[in-house]
Amino acid sequence: AKKKLRKRGICRAPRHKRRATGGKRFNDRKKRKFELGRPPTNTKIGVKKVSEVRTRGGNKKFRALRLESGNYSWGSEVCTRKTRVLDVVYNASNNELVRTKTLVKNAIVQVDATPFRQWYEAHYGVKIGLKKRGKKKDGDDADVKKSSRVLRKLASRQKGRVLDATLDDQFASGRLLACISSRPGQSGRADGYILEGSELAFYKKKLDVKKDKKH
């Protein structure tokens, strides 16, 4: 006789757990709809694909199955730009999420630096990340004529302008380290912020240790 396969739903109720003393609990009722859980989304990097899930009360959640870009904020410069997510490099909770390049909240990712570099150069009139960008193309040196008003505005913005050397190195490589602050499996978005200061130093140290272990 063939065994019947029963579908077991994911339940968030603690009734299946043992007591603190180790004794078994008597389960006095079946699972309830309001206790249900859902399988993890495991959002990957790729062409955008988001599915809609109806939830309790007729509300909606947006399951991002694949995402390729998001809005990232550069906090110290108060600048937000839409940019491509290139790679997942670190996850404090599980290295498997790095290996499989899964986008989750608080994952450390590499994003395309181009939108932020273009904004910075337009805003301050200063070229950044020149160390590794190779030979200059013809016409790169040709300065665009600017009015005296624009020059005064750029000069006023130069006062107190500071760019962290670590960030400048990242601009040279074309990739910035960022942290995802949204929940891709709930909101269908992979938005976040550019890492700076002590937080950037912390994660750079973690990544350097990881590199040393590989070699």
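Student: Which elements do the buried residues of H6 pack against?

Tutor: Those residues pack against E5, strand E7 (108-112), helix H4 (165-173) and strand E8 (175-180). Contact here means heavy atoms within 4.5 Å. Helices (H or I, at least four residues) and strands (E, at least two) are DSSP runs, numbered from the N terminus. The model is predicted, so local features need pLDDT of at least 70 and side-chain atom pairs pLDDT 80 or more, while totals for chains, interfaces and linings use all residues. Residues are numbered from 1 along each chain as its sequence is written, and side-chain values use heavy atoms, without hydrogens or water.

Student: What makes the span of H6 close to the expected one?

Tutor: The expected span is 1.5 Å times one less than the number of residues. Helix H6 (residues 197-214) has 18 residues, for which 26 Å is expected. From its first C-alpha to its last, H6 reaches 26 Å.

Student: Which residues of H6 are buried?

Tutor: Leu 200, Tyr 203 and Leu 207 are. Buried means under 20% relative accessible area, exposed over 50%, partly exposed in between (1.4 Å probe, protein chains only).

Student: How much space lies in the second largest pocket?

Tutor: About 470 Å³. Of its 17 lining residues, Gln 110, Leu 177, Lys 204, Leu 207 and Lys 211 are the closest to its centre. E5, H4, E8 and H6 are the elements that give two or more residues to the lining. H6 gives the most, with six residues.

Student: What makes it a pocket, and not a cavity?

Tutor: A pocket is an open set of points on a 1 Å grid over the protein atoms alone, with protein on both sides within 12 Å along at least five of seven lines; in a cavity, a 1.4 Å probe fits but cannot get out. Lining residues have an atom within 4 Å of a point.

Student: Why is Val 78 called exposed?

Tutor: Its relative accessible area is 74%, so Val 78 passes the cut-off for exposed. Val 78 lies in the loop between strand E4 (69-74) and strand E5 (79-90). Its phi is near 50 degrees, a positive value in a residue other than glycine.

Student: Why is Lys 101 called partly exposed?

Tutor: Its relative accessibility is 37%, so Lys 101 falls in the range for partly exposed. Phi of Lys 101 is also positive, near 55 degrees. Lys 101 sits in the loop between helix H1 (96-99) and strand E6 (102-103).

Student: Why is Ala 20 called exposed?

Tutor: Ala 20 has 91% relative accessibility, so it counts as exposed. Ala 20 is in the segment before E1. Its C-alpha is separated by 61 Å from that of Glu 121, 101 residues apart along the chain.

Notes: Grid points are joined across faces, edges and corners, and a volume is the space filled by probe spheres set on the points.
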